[in-house]
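Biologist: I would like to learn how to read a model like this one. Could we take the features in turn?

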Amino acid sequence: MIDFRNIETFFWAAALGSLRAASEKLGTTQPAVSQRIASLEQTLGVRLFQRDARGVSLTAKGQELLVHAERMIEAKRDMLRAARDQTTMSGKVRLGVAETIVQTWLPRLIEQVHAAYPAMVLEIHVDSTSVLSTQLMGRNLDLAFLMGPILEARVENLPLCTYPLAWVVRHDAALGPGPVSLPDVAAFPIITYASNSSPYKVVRDMLMRAGLGEPRMYGSASLSMVVRMVLDGIGPAVITPVFLGRELERGELRLLNVTADPLPDLSFTASWVDGPDSYPARVIARMAQQIAEAEREENAQEI
């Protein structure tokens, strides 16, 4: 008979790419992990891993059997979930969030998660989409709300919300109020999202196509810093105005009409690596989708 612990150990060693990482995940020692895999190989009569100086890698047969191992682990978890009330879901979920979401509906999600699952703890990490994507693929995050989707094997993506980008400037900036040309805008430093983000690249390409040479751009993963720089008069920004309601209403900031190609929308997804332990991430992602949709409907009614 196959020991189920051996199947779990095989799965995590394959998913994480090393015996050491699997031992940390399972809370055991690396020799114990090696012993369990050797026992499973002996029971099945096949080699699951190739071992060399660089570590372990799946054999062709190991790759084939990994699919079955994952199904068995998922079936066990499905059975356990069916046997208990879902409100008992507990533990820590490492959630990575782009700051646009932090500035909009994340507090409402945290409130609802706490109300529905009081024994669950959200460990929240705020960073740029590029960093969050890397952390998610390295399994340092369980779930991420970012500019997606992530088109990688085993990654599940659930659409959340879409926000428009706009040119924003301080109320008394020497630009406008009518249409402003790109050369006039480029006379100032342009502030936007981090330099490895898609908005930064879109704006940079737009300016270079207009023959403006190497543009002066300040990129930041902190949207509060971007807003502060605009308010300080450093230059205009390309940012989503969805969270700038107070600054726009007070007249501290204004939208700028720039004669240029349309700016793309920012599309956010909830993304997670599918696997036996991804159920909490899936539940929270669906809650986030409902909250984002409710916010969109509320904003539409205000308009």
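Modeller: Start with the labels. Helices and strands are DSSP runs, numbered from the N terminus; a helix needs at least four residues, a strand at least two. With those labels, Arg 139 sits in the loop between helix 7 (129-137) and strand 5. Keep in mind that this is a predicted model.

Biologist: Is Arg 139 buried or exposed?

Modeller: Buried means under 20% relative accessible area. Arg 139 has 18%, so it counts as buried.

Biologist: Which peptide bond is cis?

Modeller: The one from Gly 148 to Pro 149, with omega near 5°. Pro 149 belongs to the loop between strand 5 and strand 6. Arg 154 is found in that loop between strand 5 and strand 6 too. Arg 154 is not a glycine, yet its phi is positive, about 75°.

Biologist: Now the sheet. What is the strand order?

Modeller: Two strands pair if DSSP finds at least two bridges between them. Here five strands form an open sheet in the order 4-3-5-14-6, and the pairing is mixed. Strand 4 (120-126) and strand 6 (155-163) are the edges, each pairing on one side only. On average, neighbouring strands of this sheet are turned by 20° against each other, direction ignored.

Biologist: In what sense do strand 6 and strand 14 pair?

Modeller: Antiparallel, over eight bridges, with strand 14 covering residues 266-273.

Biologist: Which strands does helix 6 touch?

Modeller: Helix 6 (residues 106-116) packs on the sheet and touches strand 3 (91-97), strand 4 and strand 5 (143-147). The direction of helix 6 makes about 160° with that of strand 4.

Biologist: On to charges. How many salt bridges does the structure hold?

Modeller: Side chains of opposite charge can pair when their charged atoms come close. The structure holds 14 salt bridges.

Biologist: Which residue forms a salt bridge with Arg 154?

Modeller: Glu 70, with the closest N and O atoms 2.9 Å apart. The pair links distant parts of the chain: Arg 154 is in the loop between strand 5 and strand 6, Glu 70 is in helix 4 (residues 60-82), and they are 84 residues apart. Arg 154 is partly exposed at 37% relative accessible area. Glu 70 is buried at 17%.

Biologist: What does the salt bridge of Arg 209 and Asp 261 tie together?

Modeller: The N to O distance is 2.9 Å. Arg 209 lies in helix 9 (residues 198-209) and Asp 261 in the loop between strand 13 (258-259) and strand 14, so the pair ties together parts that are 52 residues apart in sequence. Arg 209 is exposed, with a relative accessible area of 58%. Asp 261 is partly exposed at 43%.

Biologist: What is the N to O distance between Asp 232 and Arg 228?

Modeller: Their side chains meet in a salt bridge at 3.2 Å, N to O. Asp 232 is partly exposed, with a relative accessible area of 46%. Arg 228 counts as partly exposed at 43%.

Conventions:
Residues are numbered from 1 along each chain as its sequence is written. This is a predicted model: local features need pLDDT of at least 70, side-chain atom pairs count only at pLDDT 80 or more; totals for chains, interfaces and linings use all residues. Side-chain values use heavy atoms; hydrogens and water are left out. Axes are lines fitted to C-alpha atoms, for helices over the stretch in contact, and angles run from 0 to 180 degrees between N-to-C directions. Contact means heavy atoms within 4.5 Å. A salt bridge is a side-chain nitrogen of Lys or Arg within 4 Å of a carboxyl oxygen of Asp or Glu. Buried means under 20% relative accessible area, exposed over 50%, partly exposed in between (1.4 Å probe, protein chains only).
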